[in-house]
Amino acid sequence: MPQIYIVEDDSLSIRQAVHFLTKEFPDVEISVFTSPAFALQALEDLQARKITPPDLIILDLGFSNESGFEVLRYWKSSGSPIPVIVWTILDSTYQDLCRLFGVHAVVSKMDGPNALVAAITAARTPS
């Protein structure tokens with residue numbers, strides 16, 4: 001069963017993402033990490049082969065006491081092939097930085113969940 005990690009601390013955004021993902025992709029298992037530290041631990045466990053890797057990571061960048069960029073730095077330095085979609089309210093100035101990290105897509109939360117679903121569909125489609 002395909003698996004998606006959501007790294008997000010806002011409860012409304014989590015509910016929206018889970019609702020739309022389960023509706024559009026009923027075959028997907030969703031794991032939610034409410035802080036970058038929890039996500040980093042999961043990524044470290046992946047490196048140690050303790051857990052099965054997800055097929056996709058949906059990552060917010062703005063957290064109250066942490067930064068989603070820490071997850072991007074670790075992900076990039078590990079050479080992980082897992083596609084990352086950044087889903088954030090941060091403005092477009094962060095898009096270029098995200099592209100340098102090699103993320104699959106940057107989706108503004110202001111564009112709504114349908115834009116997130118479209119990015120996920122594109123990421124799941126073989127090129």
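Colleague: Why is the meeting of the R73 and E70 side chains called a salt bridge?
Modeller: The model is a predicted one, and in it the N to O distance between R73 and E70 is 2.4 Å. The cut-off is within 4 Å for a side-chain nitrogen of Lys or Arg and a carboxyl oxygen of Asp or Glu, so the pair qualifies.

Colleague: How do you know how many helical turns separate R73 and E70?
Modeller: Both residues belong to helix α3, which covers residues 68–78, and they are three residues apart, so about one helical turn separates them.

Colleague: Are R73 and E70 buried, exposed or partly exposed?
Modeller: Buried means under 20% relative accessible area and exposed means over 50%. R73 has 42%, so R73 is partly exposed. E70 has 37%, and therefore E70 is partly exposed as well.

Colleague: What makes D96 and R99 count as a salt bridge?
Modeller: Their closest N and O atoms are 3.3 Å apart, and that is within the 4 Å limit. D96 and R99 sit three residues apart in helix α4 (residues 93–101), about one turn of the helix.

Colleague: Why is D96 called exposed, and R99 too?
Modeller: The relative accessibility of D96 is 53%, over the 50% cut-off, so D96 counts as exposed. R99, at 52%, is also over that cut-off and therefore counts as exposed.

Colleague: How many salt bridges does a search of the whole structure find?
Modeller: The search finds four. One of them joins the side chains of E8 and K109, with 2.6 Å from N to O.

Colleague: What does the pair E8 and K109 tie together?
Modeller: E8 is in the loop between β1 (3–7) and α1 (11–24), while K109 is in the loop between β5 (105–108) and α5 (113–124), so the bridge ties together parts that are 101 residues apart in sequence.

Colleague: Why is G68 called buried?
Modeller: G68 has a relative accessible area of 0%, which is under 20%, so G68 is buried. This residue lies in helix α3. Leaving aside residues up to four places away in sequence, G68 touches P36, L59, D60, L61 and F63.

Colleague: How do you know that the radius of gyration of the protein chain agrees with that of a compact globule?
Modeller: For 127 residues the globule rule gives a value near 14 Å, and the protein chain has 13 Å, so the two agree. Along the principal axes, the C-alpha atoms fill a box of roughly 35 × 35 × 30 Å. Buried residues make up 43% of the chain.

Colleague: In what order do the helices and strands of the protein chain run?
Modeller: There are five helices and five strands. From the N terminus on, the order is β-α-β-α-β-α-β-α-β-α.

Colleague: What share of the contacts joins residues at least 24 apart?
Modeller: Among contacts between residues at least 6 apart in sequence, the share is 71%.

Colleague: And how many side chains are positive, and how many negative?
Modeller: The protein chain has 9 positive and 15 negative side chains, and the centres of these two sets lie 4 Å apart.

Terms used:
Residues are numbered from 1 along each chain as its sequence is written. This is a predicted model: local features need pLDDT of at least 70, side-chain atom pairs count only at pLDDT 80 or more; totals for chains, interfaces and linings use all residues. Side-chain values use heavy atoms; hydrogens and water are left out. Helices (H or I, at least four residues) and strands (E, at least two) are DSSP runs, numbered from the N terminus. The radius of gyration is taken over C-alpha atoms; the globule rule is 2.2 Å times the number of residues to the power 0.38. Buried means under 20% relative accessible area, exposed over 50%, partly exposed in between (1.4 Å probe, protein chains only). Contact means heavy atoms within 4.5 Å. Lys and Arg count as positive and Asp and Glu as negative; His and the chain ends are not counted. The place of a charge is taken as NZ of Lys, CZ of Arg, CG of Asp or CD of Glu.
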